[in-house]
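Thanks for coming, everyone. Let me put the structure up and walk you through a few places in it.

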Amino acid sequence: MDKKVAIVGIGTTGFRATTPDVSYRELTYEAATKAYLDAGIEPQEVGAFVATSEDFLEGYSISDEYSPDQLGAVLKSIHTVPGDFIQGLGNGVMLIMSGYADIVVVQGMSKASNMVTKGDLLTFAADPFAWRPLQESPHAIAAMEMNRFLYESGNTIEQCAQVVVKNRRNALLNPRAALGAALELEDVLNADPVAEPLCRLDIAQHADGAVVCVLASQEKVGSLKGNPIWVRDVSWATETNALDSRTWGEAVYMQLAAEKAYRMAGIRTPAKEIDFAELNDEYSYKELQHIEALGLCAWGESGKLSEIGWSERTGEFPVNTAGGCLGCGHLFELDGGQKVLDAVLQLRGQAGELQLKTANTAVAAGWRGVPTTTGAVVVLGN
Amino acid sequence: MDIKHQKKIDKTVTSLRKKDVTGGKVVTESWEPNLEYAWDNGPAISRYLAELKKGKLIGKRCNKCDRVLLPPRMFCEICWRPTDEWVYVEDTGTVNTFCISHVDWKAGRLNIKGGVRPFTPAVIEIDGASKGMGILHMIDKTNPKNIKMGMRVKAVWKPAEKREGSITDIEYFKPIGKKK
Ligand SMILES: [Zn+2]
């Protein structure tokens with residue numbers, strides 16, 4: 001990238017199954033207040049804001065109009081990205097690189113607990129003629145993908161279960177996560193089936209929370225107190241949405257997004273040049289599929305590597321150091337926000353008990369969930 | 001394309017009539033979305049609704065800009081700080097703006113000539129709240145032609161046993177005399 005952009009502040013509410021004490025406004029307000037304190041700025045200094053929301057998830061149409069107040073963005077430039085937080089981050093980076101603003105705020109929020117009919121919401125995303133009449137569960141779509149991925153890659157159900165054990169254990173040490181658990185492999189393998197080969201513990205539980213992030217241009221970084229984490233590049237890609245003809249084995253959307261991000265960040269051998277990854281693990285197999293798509297190991301190797309501890313915090317290439325979706329929750333469009341948050345804390349050396357010894361370059365990757373084929377990737381460095 | 005051929009096409013192209021759809025002559029797919037939400041209102045709106053049930057209007061003050069925000073908010077969006085005390089406000093106010101609507105909220109035409117009263121929605125600046133702060137509601141029981149900018153109005157509440165913690169616990173606003 002020819003103009004450098006840094007994350008100079010980040011704030012979160014943490015992630016919980018329910019948040020009955022606050023509305024979506026107060027949830028974002030808390031994360032925003034913390035992010036501005038972290039960056040040492042007032043919202044008046046912000047040139048533009050990017051919110052991420054999706055009307056059907058909020059239960060409001062034109063929900064983007066409800067974004068300004070809780071960000072301090074009244075009478076300011078704001079737009080909404082109906083996509084993953086990392087896509088919103090990409091929009092923020094562009095606002096700075098184009099010279100539109102020196103400081104940009106990116107927001108993401110999940111009030112999953114307020115969506116009573118989540119299954120129907122996702123079924124509503126299916127094509128009304130080709131797929132909706134069949135009324136397939138979103139988990140069944142994921143299970144078909146898992147089956148094909150395991151079949152093609154040679155990874156196993158046991159290796160997927162290992163991902164669950166690791167991420168839920170990492171979450172035990174994460175004060176922002178609610179789903180920490182000391183599970184054994186057998187606990188996962190014996191959990192009741194949801195859509196075979198997926199069982200209950202392979203699936204991330206829904207959670208509420210908010211993340212707000214402050215971006216600044218290189219020129220502005222000097223005058224801010226923060227601990228800048230540089231955005232080396234950000235990219236995203238979407239495959240065809242067709243359930244009939246998409247690629248079921250590989251996460252090609254993530255592979256394309258990653259290749260472009262690496263190219264622009266000047267990364268040739270990601271596994272060597274990157275120290276750790278925070279990536280979407282909304283279903284256990286997605287962690288393995290995304291590790292391979294991000295080029296962090298050879299095709300078909302992620303499962304074996306997970307078995308020997310490669311992706312543990314103490315391993316050669318830590319993945320989802322703070323618990324990922326399995327440990328923090330399925331946050332819908334905030335997925336990438338949780339990933340960026342944990343990458344930033346590691347890169348700053350502020351990850352507490354979860355802190356890695358070496359954390360200089362990270363990749364964070366979000367997926368928009370079933371039934372989408374959209375992945376977004378950001379490479380971050382300190 | 002020659003005219004003869006065009007005519008042949010025109011003969012086969014017919015506009016769809018309702019009975020073609022209902023009679024199964026054309027293939028259709030319908031879907032009733034089942035979208036249900038249970039919004040957490042947070043402390044401010046929850047208390048606002050609870051007070052409505054008691055027949056009262058409550059706002060919240062920001063001590064920095066000295067505004068009384070109505071409906072109440074937990075933070076001041078201008079000063080970017082948490083708000084301060086809860087403040088009961090009056091159920092009287094002044095019309096900021098209004099209109100005489102011949103259509104309902106789905107934009108369906110009301111039978112005005114048949115005697116249906118037009119809707120008269122209004123924004124009412126509530127006494128005790130800051131200038132510009134108020135309630136979007138409706139005015140009733142007065143000839144729409146008599147509604148004026150700056151007119152003084154008062155809430156007409158539902159009987160206590162019928163109130164349920166909703167903005168409709170106020171049935172409508174009615175005109176009252178000039179402010180003392
Ligand atoms: Zn104020």
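How many helices and strands does chain B have? Three helices and ten strands. Helices here are DSSP runs of H or I with at least four residues, strands are E runs of at least two, and both are numbered from the N terminus.

Some ground rules. This is a predicted model: local features need pLDDT of at least 70, side-chain atom pairs count only at pLDDT 80 or more, and totals for chains, interfaces and linings use all residues. Residues are numbered from 1 along each chain as its sequence is written, chains are lettered from A and ligands numbered from 1 in the order in which they are written, and side-chain values use heavy atoms, with hydrogens and water left out.

Back to chain B. In sequence order, the pattern is α-α-α-β-β-β-β-β-β-β-β-β-β. The radius of gyration of chain B is 25 Å, well over the 16 Å that the globule rule gives for 180 residues, so chain B is more spread out than a compact globule. That radius is taken over C-alpha atoms, and the rule is 2.2 Å times the number of residues to the power 0.38. The C-alpha trace of chain B spans about 80 × 40 × 40 Å along its principal axes. Of the 180 residues in chain B, 34% are buried. Buried means under 20% relative accessible area, exposed means over 50%, and partly exposed is in between, with a 1.4 Å probe and protein chains only.

One cis bond in chain B: Leu70(B) to Pro71(B), with omega near -10°. Pro71(B) sits in the loop between β2 (67–69) and β3 (75–76).

Now chain A. Here, too, a cis peptide bond turns up, between Val370(A) and Pro371(A), with omega about 0°. Pro371(A) is in the loop between β10 (361–367) and β11 (374–381).

Next, helix α11 of chain A, residues 284–293. Is this helix mostly covered or mostly open? Mostly covered: ten of its ten residues are buried. Among them are Tyr285(A), Lys286(A) and His290(A). After α11(A) comes Gly295(A), with a positive phi near 70°.

Two non-glycine residues also have positive phi. Ile62(A) has about 55°. Its loop runs between α2 (55–58) and β3 (77–81) of chain A. Ile62(A) counts as exposed because its relative accessibility is 53%. Asn320(A) has a phi near 55°, in the loop between α12 (302–307) and α13 (324–328). Asn320(A) counts as buried because its relative accessibility is 0%.
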